[in-house]
Amino acid sequence: MSSLGNITEFPENASCSVNHDGRDLLVVRRGDALFVYENRCPHTRESLDPMGGSVASDDGLLLTCQRHAAQFRLDNGECVGGPCLGEQLEAVAVIISQGEIYLD
Ligand code: FES
């Protein structure tokens, strides 16, 4: 089982795109918490970050899709604004062991 990386490698309150074993993931660290979602917007099923860079707000609480500005809560992936209101990002369960992040 390969690691996604060490939690310390992920900047706080910023999203990082990671391709892991053929899956496109979005990883966001907020304090000691780590959130991982499939990098696929429920609106068009395409990635949230075609322009690159972070899609997280400065406080890390919201993710905004770069395509049509849908906004998602970081903590549960729920769309709270934009064209796919009420839909969800798909959460990816991870295990953190000695700082290393593994898919569950
Ligand atoms: S593809 Fe994300 S808002 Fe349209």
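Q: Is Asn13 buried, exposed or partly exposed, and why?
A: In this predicted model, the label comes from counting other C-beta atoms within 10 Å, where 20 or more means buried and 12 or fewer means exposed. Asn13 counts as partly exposed because it has 16 C-beta neighbours inside 10 Å.

Q: Where does Asn13 lie, and what is its phi?
A: Asn13 sits in the loop that joins β1 (5-6) and β2 (15-20). Its phi is near 60°, a positive value, and the residue is not a glycine.

Q: Which loop holds Arg45, and why does Arg45 count as buried or exposed?
A: Arg45 belongs to the loop between β4 and β5 (62-64). Arg45 is exposed because 8 other C-beta atoms lie within 10 Å of its own. Phi of Arg45 is also positive, about 70°, although Arg45 is not a glycine.

Q: How many residues has the largest nonpolar core, and which have the most contacts inside it?
A: A nonpolar core is built from buried residues of kinds such as Val, Leu and Tyr, joined through C-beta atoms within 7 Å. Here the largest one has 21 residues, and those with the most contacts inside it are Leu26, Val27, Val28, Tyr37, Leu48 and Leu63.

Q: Which strand gives the most to this core?
A: Both β3 (23-30) and β4 (33-38) supply at least two residues of the core. The strand that gives the most is β3, with four residues.

Q: Which residues is Val28 in contact with, leaving aside its neighbours within four places in sequence?
A: With those neighbours set aside, Val28 contacts Ser15, Phe35, Ala56, Gly60 and Leu74. Val28 is also one of the residues with the most contacts inside the largest nonpolar core.

Conventions
Residues are numbered from 1 along each chain as its sequence is written. This is a predicted model: local features need pLDDT of at least 70, side-chain atom pairs count only at pLDDT 80 or more; totals for chains, interfaces and linings use all residues. Two residues are in contact if their C-beta atoms, placed from the backbone, lie within 7 Å.
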